[in-house]
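This report covers the contacts between chains, then the local architecture of one of them. Please read it with the model open.

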Amino acid sequence: MVKHEQSMAAAGDVVVSGLNVGKTFAAGTVVALENANFDIKRGSFVSLVGPSGCGKSTLLRLVSGLIEPTSGEIEVHGTPVNGPRADISMMFQKATLLDWRTSLENVLLPTEINGTPSKADKNRALDLLKLVGLEDFAFSFPAQLSGGMQQRVALARLLQTGADILLLDEPFGALDEFTREHLNTELMRIVAEVRATAIFVTHNITEAIFLADQVVVMTSRPGRMAKIINVDLERPRPLSIQTSVEFNKLVEDVRETLGAV
Amino acid sequence: MAVQDATSEVLVDTLERSLRNRRIAKHVGIFLTLTLLWELGSRMGWLDPLFYPRPSNIIRSFWLIYFQNANVWFHLYSTISLVIIGWVLGSMLGIGLGALVGFNTVIRRFLKPYVIVLEATPRIAVAPLLIAALGFGVNSKLAIIMLVCFFAPFINTLSGVINVNEERLELFRSMRASKTQILRKLVLPDAIPVIMAGERLALTAALSGALVAEFIQRDKGIGSLILVYTRNLNMASAFACIFTLTIIGFLIFKGMEKLDHYIAYWKYEGGRERMSSKRKRTMVEP
Amino acid sequence: MSVSDQPIPLSGRILDIGVRFLPHFVLFAVIIGAWEISVATGLITSIIIPRPSAIWSAIVELYITEGTIYRHFFITLTEAVVGFAIGAGVAVSLAIASSLWDPFRRYVTPYAVVLNVTPGIALTPVIIAWFGYGMGSKIALAAIISFFPIFVNTLTGLVQVDEDREELFNSLGASNVQVFRKLRAPAALPLMFAGFKIGLTTALIGAVVAEFAQATDGVGVLMSRFSFQLNMAASLATLLSMTVIGLILFYSMEFLDDRIVFWRRESRRAAASRARARTWAAQAKK
């Protein structure tokens with residue numbers, strides 16, 4: 001990810017780009033996001049980190065097409081975003097599973113929305129449940145699963161759409177530290193396996209750096225992108241990398257950017 | 001905004017707790033003592049048996065109305081069949097209109113004042129009017145039952161449809177679901193538990209509505225039977241009818257509970273397990 | 001979202017309300033007009049459905065020129081309120097006793113459940129035989145059928161206390177009385193008031209149904225008298241007074257609820273916060 005310097009069309013492997021994107025709420029009285037410029041390359045993992053009210057979730061919703069920008073433009077795969085689209089899939093802080101559906105049926109939901117699921121779709125859903133380690137819980141209802149397991153189902157549902165751009169809005173934010181670390185490692189593995197592009201929103205600095213190729217540090221009032229930090233740590237990354245000197249220099253960098261404002 | 005049943009978990013819980021732990025003997029003991037005191041009080045002349053029937057007479061009346069004269073069956077049939085038909089029709093109307101109003105913001109806005117007025121009016125008060133308009137007989141009875149049944153399912157469906165979880169709605173929108181898909185796959189299933197709560201209230205109301213209609217019409221049904229027995233100061237038989245209604249009320253309560261376990265299965269541990277294994281079978285077999 | 005602290009002038013507010021309700025008025029006028037015309041032209045038979053103008057003249061007669069309604073209005077209102085007060089008093093006392101003393105709760109519960117599943121309306125003829133044709137029987141029926149929702153809601157509120165808070169009180173070494181006064185009782189208020197609102201509605205139903213069955217005064221009597229004279233317009237005009245009673249009862253309870261359970265709504269919270277700051281300041285001066 002680089003600041004928007006070259007023209008959007010020139011970069012062939014850019015899948016998501018934004019030009020002077022801004023968003024205000026309440027008839028312009030609340031500036032949620034101001035003048036954001038970005039290019040996201042195919043297959044990269046980007047973290048958006050910052051305090052509450054920095055516009056990171058707003059930015060994610062703008063990319064998803066759930067809300068429209070007040071100014072500027074966002075393009076995905078070279079076409080402007082004007083509503084939710086098939087090449088983008090989204091995951092939320094809450095698992096938002098449907099209580100009356102089994103794990104498998106929840107994973108199949110996006111397929112059902114687009115038509116009748118085939119035998120192949122069902123097998124794919126089962127494979128995805130296996131990928132997230134829930135093959136034994138395919139026929140369990142959400143109320144029978146722990147919070148971490150529910151998020152795994154949501155992750156499988158995210159992948160079921162087949163979209164190559166994944167938007168993750170603090171997906172493990174409501175879980176305990178141990179479960180979260182574990183699921184983050186899983187997430188990294190899975191995203192690499194399906195070769196997707198991921199945008200990950202969090203307020204946890206360590207998590208943001210650990211997962212990402214680039215960390216976008218955002219500051220609040222008004223929400224804006226303050227700095228983009230490249231994370232050149234090699235993959236696969238073990239949890240122990242978080243104690244390394246390079247990692248902590250990056251943490252320091254993010255903290256300074258956040259504190260400087 | 002949804003109307004909820006007053007029967008709480010706390011009571012059912014206490015009831016189950018008190019019926020466990022070998023306390024049953026104590027309960028029965030207390031009940032028998034109270035009954036015996038009543039019987040004695042009446043025989044000693046402290047309670048006028050003309051107004052406060054003796055337990056022994058009530059038991060005898062049960063035998064009379066159910067077996068010896070067997071006259072209660074006809075009235076029971078009349079009441080129960082009307083209650084069920086009226087409940088089904090009235091609540092179907094309520095659910096349908098509730099969904100319609102819930103989805104249409106314009107209708108909803110214009111209907112609000114009328115709903116407030118309807119909510120404040122004791123619906124059962126319209127009974128004489130309906131009887132006058134539709135005449136004595138089945139039609140007016142059914143109309144009264146439908147009227148008292150209508151409201152709870154209507155208001156609960158409406159609120160179930162309006163109060164859709166925002167996050168789930170966002171999920172559906174991010175998946176580009178159509179309006180019909182959101183309705184069928186999200187809104188309606190999500191509203192089922194609260195609609196069921198409305199249905200339960202409606203069935204109870206239906207029974208009360210039938211009784212009021214029968215009090216006024218005095219032709220047949222358990223309500224008119226209670227009225228006639230009381231008029232003749234045959235209080236023991238009146239009480240036998242009232243306790244019959246207690247049993248019916250209890251069956252309604254249990255029946256609705258069963259229905260809820262069946263329809264809103266995901267709310268209950270047993271229901272989840274049942275459906276879980278059922279879906280596993282249907283997935284594996286074909 | 002308004003930022004201005006300036007009060008809007010009264011004329012502006014009236015205009016604002018006028019503009020907001022204008023569509024409602026227009027729709028209401030259209031419905032009334034269509035109704036009047038379709039009855040006048042014979043589209044609808046006027047014995048069953050009176051013309052709005054006939055209802056209006058019945059209202060004028062009952063409420064203004066003759067004023068016959070008021071005596072009945074206040075009788076029914078009194079029956080409902082007194083019945084509710086008795087029912088609520090008994091229900092709240094029993095709920096408090098049940099929450100403080102577990103054995104009591106266990107032995108009272110089965111009877112409460114039996115009372116709940118029995119349609120209270122069924123007791124109407126018996127209650128009239130016991131308490132006579134006057135207001136006493138109406139008050140008794142209102143009290144009996146308003147009892148249960150209040151009892152169960154209050155008990156649930158008193159018993160279902162947040163465990164963390166209870167632990168806090170225990171860690172502070174609070175006595176049972178303190179836990180009740182400072183935690184359970186305030187925590188139960190919202191549910192108790194919800195019970196009161198249901199109880200008031202059912203009390204009104206009880207009063208009216210008892211009046212249908214046997215009485216000389218009250219809006220229920222007027223209602224059935226007019227209905228059986230096939231005077232539908234007067235009957236509907238009487239129904240209006242029941243709606244008014246219902247609205248008065250509901251909104252006075254809502255008013256109390258809003259002020260006593262002030263912590264649920266921002267405007268009430270702010271008012272309570274200001275009041276307490278004033279008290280604090282006054283005390284600090286002393």
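Across the interface of chain C and chain B there are 5 residue pairs in polar contact, both residues at pLDDT 80 or more. A polar contact is a pair of N or O atoms within 3.5 Å; within protein, one must be able to donate a hydrogen and the other to accept it, and residues adjacent in sequence count only if both atoms are side-chain atoms. The count of salt bridges between chain C and chain B is 0. A salt bridge needs a side-chain nitrogen of Lys or Arg within 4 Å of a carboxyl oxygen of Asp or Glu.

The model is predicted: local features need pLDDT of at least 70, side-chain atom pairs count only at pLDDT 80 or more, and totals for chains, interfaces and linings use all residues. Residues are numbered from 1 along each chain as its sequence is written, chains are lettered from A and ligands numbered from 1 in the order in which they are written, and side-chain values use heavy atoms, with hydrogens and water left out.

**Chain C against chain B**

In this interface, 56 residues of chain C are in contact with 56 residues of chain B. Contact means heavy atoms within 4.5 Å. Arg106(C), Tyr107(C) and Trp130(C) lose the most area in chain C to chain B, together 13% of what that side buries. Buried area is the accessible area (1.4 Å probe) that two parts lose on being put together, summed over both.

Several helices of chain C each supply at least two residues of the side that touches chain B, among them H1 (10-40), H4 (102-117) and H8 (176-213). Helices (H or I, at least four residues) and strands (E, at least two) are DSSP runs, numbered from the N terminus. Which helix gives the largest share of the side of chain C that touches chain B? H4(C) does, with 11 residues. By class, that side of chain C divides into 40 nonpolar, 13 polar and 3 charged residues. Ala, Val, Leu, Ile, Met, Phe, Trp, Tyr, Cys and Pro count as nonpolar, Asp, Glu, Lys and Arg as charged, and the others, Gly among them, as polar.

**Chain A against chain B**

Here 30 residues of chain A are in contact with 25 residues of chain B. Trp100(A), Ile113(A) and Phe139(A) supply 28% of the area that chain A buries against chain B, more than any other three residues. The buried areas of both interfaces are listed below.

| Interface | Buried area | Share from carbon and sulfur atoms |
|---|---|---|
| Chain A and chain B | about 2,800 Å² | 63% |
| Chain C and chain B | about 4,900 Å² | 77% |

Between chain A and chain B, 5 salt bridges are found. One pairs the side chains of Arg279(B) and Glu105(A), at 2.5 Å, N to O. Helix H2 (103-113) and helix H3 (119-131) of chain A each supply at least two residues of the side that touches chain B. H2(A) gives the most, with 6 residues. That side of chain A has 16 nonpolar, 5 polar and 9 charged residues.

H2(A) is mostly covered, with 10 of its 11 residues buried. Buried means under 20% relative accessible area, exposed over 50%, partly exposed in between (1.4 Å probe, protein chains only). The buried residues include Leu104(A), Leu108(A) and Ile113(A). Just after H2(A), Gly115(A) takes a positive phi of about 150°.

**The sheet of chain A**

In chain A, 4 strands form an open antiparallel sheet in the order S2-S1-S4-S5. S2 and S5 (79-80) stand at the edges, each with a single partner strand, so one side of each is left without a neighbour in the sheet. Two strands pair if DSSP finds at least two bridges between them.

S1 (residues 14-25) and S2 (residues 30-41) of chain A run antiparallel, joined by 8 bridges. Gly18(A) has Phe38(A) as its bridge partner in S2(A), and Thr24(A) has Val31(A). The hairpin of these strands has 4 residues between them, and there Ala26(A) takes a positive phi near 50°. S1(A) also pairs with S4 (residues 71-76) of chain A, antiparallel, over 5 bridges. Val16(A) is partnered by Val76(A) in S4(A).

**A position in chain C**

Ala54(C) lies in helix H2 (residues 52-65) of chain C. Ala54(C) is partly exposed, with a relative accessible area of 27%.
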